[in-house]
Amino acid sequence: MDRRFGNIPQPNPHAASEIADAARHVESLLQGNNHEHDLLTDSDRFPLPGVDIPNIGEAEEVLEEVDTPVEPVHERSDDETYDGAVGGVVDCGIEYLAFYKSFRDVTRAPAPGRWGIFFIRKRCFALATDMSFSTGESFSQCLDVLAAFLYSHELYHYRFDAHCLQMEASGGQPVYRPYRRLVASRPINEWHEESVANFYALKSLQQSKNIAYPASICDYLWDLVWHSPGAYAGGVDKRQSQRKDQMAKQATAAFGNNGPSVWHGLLESVVRMGTNLSIPREPTISGHLHLNNCPVYWIDWVKGGQSVLVPQAVSCAEIGGDFIKRYLSGVLDHKSDHSYYRIDNGERIKLPNPHKTDLKNNEFYNIIGKAGMTSRKFHDERARTSVWKKGVPRMPVLPPRIGPHDKSR
């Protein structure tokens, strides 16, 4: 490859340390800043809306810098148990795969002493495997494009954080922490920053003279965003002006009602400038806070050499029961060593082995392919129907897809 994995720049650890020190100094000088309001019940953790990771002490935290031009290697296997990382994104949003930890929270867990962008290794690998099955592209290519997408999404969170720090340094009033507290207290459809971050992440995948990502992978990620919850799904909208305005209003509202109205208007205008993202040039932020200075890591939690992250697995009982029989109106066709059911679109499906707990990759993709579904559609419908209990059988009936590698959406 003539570019770095995930299009991630060479790390600058000295800059990362300097930014954390600068943030600590600026925040110590802010008027009326009370850090006790920013602490959760577990005071060692920074706020993580949308992120589901183990509690402190449950497993060993494994951290690795993304500082190599060679991407991690993982051979996908049809015989592996299906790990429904897609379901995690459909339920929780993109932060299920990666998260941004502010330089303001560098002393807190996870990864105390570090800040930046963290790719959750097990989940990223599981989603790249799903991408590979769904698009027919190699696992390596899928992981590379996924990393580029996640990097741009999380980099946007850093960009806005850095812009707020620069405002605080000149204005002497806290902005970012009150803003994050307000957003965390609002329902997910009002997390406007996630919509804008997803928009820039999708935009970063657009083909250019230097980078040409496979169209099937770009379509997959667009579809994944579209099936995401709340404001995350808004990233498919090319018009983000209203979302940016709402971000600025949230930051202004969080600041409070003190001071003259002209100050609030000025603050909203300045915050509005901080809702933009330009990787090639950054005219509204100092060189000290340059985008390339945001570090990037792989992170996982392991016990006995194995990740402890619980996958969004799909059981054989669920597929052979309510999904096929209720959602797909399955009717017994015949029995041999296995039971075969005829579903609503006329396809015949072999029920998985009832003596096994979880589905294998090849079983899952063959079944949803015959049902005419993608993995994103499967998990979206799984949530909508309360695990195949409400609004069944499905309507409309979908024609079968060619197979698990079919590139149609």
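Begin by selecting Arg104 and Glu168, which form a salt bridge (a side-chain nitrogen of Lys or Arg within 4 Å of a carboxyl oxygen of Asp or Glu) whose closest N and O atoms are 2.9 Å apart. The pair links distant parts of the chain, since Arg104 sits in the loop between strand 2 (98-101) and strand 3 (116-120), while Glu168 belongs to helix 4 (residues 139-171), 64 residues apart. Helices (H or I, at least four residues) and strands (E, at least two) are DSSP runs, numbered from the N terminus. This is a predicted model, in which local features need pLDDT of at least 70 and side-chain atom pairs count only at pLDDT 80 or more, whereas totals for chains, interfaces and linings use all residues. Residues are numbered from 1 along each chain as its sequence is written, and side-chain values use heavy atoms, with hydrogens and water left out.

Colour next by accessibility, where buried means under 20% relative accessible area, exposed over 50% and partly exposed in between (1.4 Å probe, protein chains only). Arg104 counts as buried at 9% relative accessibility, and Glu168 counts as buried at 2%.

For a contrast in setting, select Arg239 and Asp237, whose side chains meet in a salt bridge at 3.5 Å, N to O. Arg239 counts as exposed at 68% relative accessibility, and Asp237 is partly exposed, with a relative accessible area of 30%. Then move to Glu190 and Arg186, a salt bridge with its closest N and O atoms 2.8 Å apart; Glu190 is partly exposed at 23%, as is Arg186 at 35%. The count for the model comes to 21 salt bridges.

Lys244, in helix 8 (residues 241-255), is the next stop. Lys244 is buried yet has no salt bridge, and the nearest side chain of opposite charge (Lys and Arg count as positive, Asp and Glu as negative, with His and the chain ends not counted) is that of Asp245, 8.9 Å away. What does the side chain of Lys244 make a polar contact with? The partner is the side chain of Asn276, at 2.9 Å, a polar contact being a pair of N or O atoms within 3.5 Å, where within protein one must be able to donate a hydrogen and the other to accept it, and residues adjacent in sequence count only if both atoms are side-chain atoms. Show also Val196, Tyr200, Arg272 and Thr275, which Lys244 touches along with Asn276 (heavy atoms within 4.5 Å), not counting residues up to four places away in sequence.

Select helix 3 (residues 121-135) next: 13 of its 15 residues are buried, so it is largely enclosed by the rest of the structure. Helix 3 is followed by Gly136, whose phi is positive, near 85°.

Finish at helix 12 (residues 375-384), where Ser375, Arg376, Phe378, His379 and Glu381 are buried. What covers these buried residues includes helix 2 (85-92), helix 3, helix 7 (215-226), helix 10 (316-327) and helix 11 (361-370).
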